[in-house]
Amino acid sequence: MSDAKQTKIDLGNLKAGGFIKERGKDLFTVRLRVPGGRMSVSRLKKIAQVAEKYGGEFVHLSVRQSIELINVNYKNFDFVVEELGEAAQKVASCGARVRVPVACGGCEYNPNGLVDSQKSALEVDEKLFGTTTGHHKFKVAFAGCPFDCPKSATNDIGFQGAIYPQLDMQACISCGLCAKSCVPKAIVTGEDNKPVFSDAPCIWCGDCVKVCPTSAWSEARRGYTVRIGGKWGRNPLVGTLFATFLPEDKVVDFIADVLEWYKLKAEGLGRIRLGDTIIKEGPQALLDHLRIRFPEFTVAETIAPQVIATQVGK
Ligand code: SF4
Ligand code: SF4
Ligand code: SF4
């Protein structure tokens, strides 16, 4: 490797934060861009080669599904980027911008999955990754169902797959399976062993639809529930419900609409996250904004993001 190439540091990339300074002199962690945590085996092999050549004895798997190369000397940045590029592997980014979305496996192979959370994560990564917010980081997560394994509600925007069930009583054979499988007891067994549905406890998991042997239960609506304003860190918040049954093909536009509101309302407030901006403005302000473009999916009312008490007694 030539000296000229060794000393050519990409300051733009450094600033974007995919290269994170470590304790050791001249050493950095290189965070890789892995939307949805999905990684082809061939790309994984290439990453292992690059890590072996330029990094330490191990890699780190971040809590947001990134692979991080450890102990990389800054003099090798260009080589690392170039060689990762041979497998189309890119470096991630930090700072006040849209981060790499995380996602569970979704409906492709997970039996609980109701939507293609992997496809959504890839689409958001492709169209919105790196978009500057002007204020703070912006995290997005996709869960295939209301179990919410990726803890989507602690992201700035969290999506969970959902199904709203409908019942054709004529097709029911009174087997009782739906009531047994409905953990929140939104379905109980009534007269003649027929199911009785209550809307309020239903978490839109779709288990009744899956278990019914005669297809008496079917889906009336399918899409994402959307919780907004979550974050982790020193002062965590859980995002609250702003939209229901948002179709998968409207996800990117919806996030862009939230970003537009955030950029505007956080102006002059310094380094403030979306959740704190919603608390300051009131959730109705964001609901009103979203209702203009997404009237059929925006909920009628909601509450502000909820504080999680992590410092008990203070
Ligand atoms: S959130 Fe649902 S679909 Fe995703 S991993 Fe968990 S159980 Fe499976
Ligand atoms: S699972 Fe289907 S057939 Fe069985 S009780 Fe429920 S609705 Fe009726
Ligand atoms: S969608 Fe889930 S919670 Fe709602 S009625 Fe069906 S099984 Fe019960």
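This is a predicted model: local features need pLDDT of at least 70, side-chain atom pairs count only at pLDDT 80 or more; totals for chains, interfaces and linings use all residues.
I will start with ligand 2. There are 14 residues around ligand 2, and those that come nearest are Cys172, Cys175, Cys178, Cys212 and Ala216. Sorted by class, this shell has eleven nonpolar residues, three polar ones and no charged ones.

Ligand 3 next. Around ligand 3 there are 13 residues, with Cys182, Cys202, Cys205, Asp207 and Cys208 coming nearest. By class, the shell around ligand 3 divides into ten nonpolar, two polar and one charged.

Then ligand 1. The residues surrounding ligand 1 are Cys104, Gly105, Gly106, Asn110, Asn112, Gly113, Ala143, Gly144, Cys145, Phe147, Asp148 and Cys149. In that shell the classes come out as five nonpolar, six polar and one charged.

Now the chain as a whole. It has ten helices and 13 strands. Along the principal axes, the C-alpha atoms fill a box of roughly 85 × 45 × 40 Å. Of the 314 residues in the chain, 39% are buried. If we take the contacts between residues at least 6 apart in sequence, 66% of them join residues at least 24 apart.

On to the cores. Which residues have the most contacts inside the largest nonpolar core? They are Val226, Ile228 and Ile255, in a core of 49 residues. Helix α8, residues 251-265, gives the largest share of this core, with six residues. A second, separate core has 18 residues, including Leu32, Val59, Val80 and Ala92.

Let me stay with valine 226 for a moment. Leaving aside neighbours within four places in sequence, valine 226 is in contact with Ile157, Phe159, Phe242, Ala243, Leu246 and Phe254.

Strand β6, residues 140-143, runs parallel to β7 and is joined to it by four bridges. One residue pair to look at here is phenylalanine 142, whose bridge partner in β7 is phenylalanine 159. Strand β10, residues 217-228, pairs with β7 in the antiparallel sense, over eleven bridges. There, isoleucine 157 has isoleucine 228 of β10 as its bridge partner. Ile228 was also among the residues with the most contacts inside the largest core.

Next, helix α4, residues 77-85. Its buried residues include Phe77, Val80 and Leu84. Why do these sit on the same side of α4? They cover an arc of only 65° around the axis, and that puts them on the same side of the helix. On the face turned away from the buried side, α4 carries the exposed residues Glu82 and Gly85. What do the buried residues of α4 pack against? The elements are β1 (19-21), β2 (27-31), α3 (41-54) and β4 (67-73).

From β4 I picked isoleucine 70. Isoleucine 70 counts as partly exposed, because it has 18 C-beta neighbours inside 10 Å, and buried would take 20 or more. Isoleucine 70 and valine 30 are 40 residues apart in sequence, yet their C-alpha atoms are 6.6 Å apart in space. Apart from neighbours within four places in sequence, isoleucine 70 is in contact with Thr29, Gly55, Gly56, Phe58, Val59 and His60. Val59, as noted, belongs to the second core.

Last, two backbone points. Most residues other than glycine have a negative phi, and most peptide bonds are trans. Alanine 88 is not a glycine, but has a positive phi of about 60°. Where is alanine 88? It lies in the loop between α4 and β5 (102-103). Is alanine 88 buried or exposed? Alanine 88 is exposed, because 9 other C-beta atoms lie within 10 Å, and the cut-off for exposed is 12 or fewer.

Serine 174 is the other case: its phi is positive too, near 60°. Serine 174 lies in the loop between β7 and α6 (177-181). With 13 C-beta neighbours inside 10 Å, serine 174 counts as partly exposed.

That is what I have for today.

Methods. Residues are numbered from 1 along each chain as its sequence is written. Chains are lettered from A and ligands numbered from 1 in the order in which they are written. A residue is near a molecule or strand if its C-beta atom, placed from the backbone, lies within 6 Å of it. Ala, Val, Leu, Ile, Met, Phe, Trp, Tyr, Cys and Pro count as nonpolar, Asp, Glu, Lys and Arg as charged, and the others, Gly among them, as polar. Helices (H or I, at least four residues) and strands (E, at least two) are DSSP runs, numbered from the N terminus. The arc is that of the directions from the helix axis to the C-beta atoms. Two residues are in contact if their C-beta atoms, placed from the backbone, lie within 7 Å. A nonpolar core is a set of buried Ala, Val, Leu, Ile, Met, Phe, Trp, Tyr and Cys residues joined through C-beta atoms within 7 Å. Two strands pair if DSSP finds at least two bridges between them.
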